[in-house]
Amino acid sequence: MGIGTLDKQYRSETWGDEEVTVDDKTIMYAGNEAGSQTELINPNEIAAMGRRPPTSHRRQPDDDNRGFYRRLAIACVSILAVIAVLIAVIFGIGRHHQSIIAAKRTECERSLVGLDDKVVAYQDLVGGDGELASKIADVDVKDTTAVKQLDIEMASESPATVNCDVSSVEEFENRIAQAKASSQWYDEHTASLRSAIQAVNESRHAKQVEDAHASLEEVLRNADNILASAQGHVTDEAVWNDLSKLIGEARNRSGETDMGRIGTLMDDLNARMDAVERSNREKLRQEEQARAEAERKAQEAEQKRKESEAEAKAEEEKNKDKH
């Protein structure tokens, strides 16, 4: 078949980014070989093909699929990034919460350390000075209300034991608040119990001083009596003078509150009273002995006088008989 032409036709095509008008006039060409097929050749199309962009720059049929998968991959990466951020935030919140829990536990344990010291101090006070003071009876104190107040303090009920065996912030805060309340209770009751113990001891001391002064006054009355009865009747005037001087000193110390000094003063008075009494007894013995000796001598003299008178009378009677 030879070369021929068809009717002229026009159409539009888009090649790359360019829209072109194609002349559909074709050229038919058939080879000389037997059985060859006829080809239609359009010269304008051939010319336009020269202006088309290279195949590598043209959109391939699977470009849309690759874009979809690219967008899908970006979306997955974004989702994974968001999940990672959420996990990090959750983990950070968890770590922050755990740090708060740890801080609260430390605060709670520290408050218990201080509280434990106060509990031990209070219990030692109750079992020590408190127990000793509670054995003091009403008759042994000057003010019985002090004993009653001590009984009230000793009967006070201590707060419940506080521990930190909890797991939440709220529970830790409650335990810390309980520890603070208990700490305040022990501060107040330790002070009030110590004050009550001191009041009882001071009241007992006041009663002891009062009783001691009463005893001292009785000793002074006895000393006055001994001093008066022994005046001029002692073998040693110095012991009498010492007792008289000590009595004056004792009366000048009527406001003495030191039990040791009051006891020493009474001991000194008793010792000097004994010395005066011994000296007085010795003097009385000597005086009695002197009186007895004087009486004996008087009796002897009287006996001699009587004997002399009797002899004189007998001699006189004898002389009368001679005459």
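Leaving aside neighbours within four places in sequence, with which residues is Pro159 in contact? The legends below describe close-up views of a predicted model.

**View 1. Pro159 and its contacts.** Pro159 is found in the loop that runs between helix H3 (144-154) and helix H4 (169-230). Beyond its neighbours within four places in sequence, Pro159 is in contact with Ser182, Trp185 and Tyr186. Pro159 counts as partly exposed because its relative accessibility is 25%.

**View 2. The ring pair of Tyr122 and Trp185.** The model has 3 aromatic pairs. In the pair of Tyr122 and Trp185, the ring centres are 5.5 Å apart and the planes stand at 70°, so the arrangement is edge-to-face. This pair links distant parts of the chain, with Tyr122 in helix H2 (residues 63-134) and Trp185 in helix H4, 63 residues apart. Tyr122 counts as buried because its relative accessibility is 4%. Trp185, at 16% relative accessibility, therefore also counts as buried, the limit being under 20%.

**View 3. The ring pair of Tyr122 and Tyr186.** Tyr122 and Tyr186 form an edge-to-face aromatic pair, with 5.5 Å from centre to centre and 70° between the planes. Here too, distant parts of the chain are linked: Tyr122 belongs to helix H2 and Tyr186 to helix H4, 64 residues apart. Both Tyr122 and Tyr186 are buried.

**View 4. The aromatic cluster.** Tyr122, Trp185 and Tyr186 are joined into a cluster by ring pairs.

Definitions and conventions. Residues numbered from 1 in each chain as written. Predicted model: local features only at pLDDT ≥ 70, side-chain atom pairs only at ≥ 80, totals over all residues. Heavy atoms only, no water. Helix = DSSP H or I, 4+ residues; strand = E, 2+ residues; numbered from the N terminus. Buried < 20%, exposed > 50% of the residue type's maximum accessible area, 1.4 Å probe, protein only. Contact = heavy atoms within 4.5 Å. Phe/Tyr/Trp six-rings, centres within 6.5 Å; stacked < 30°, edge-to-face > 60°.
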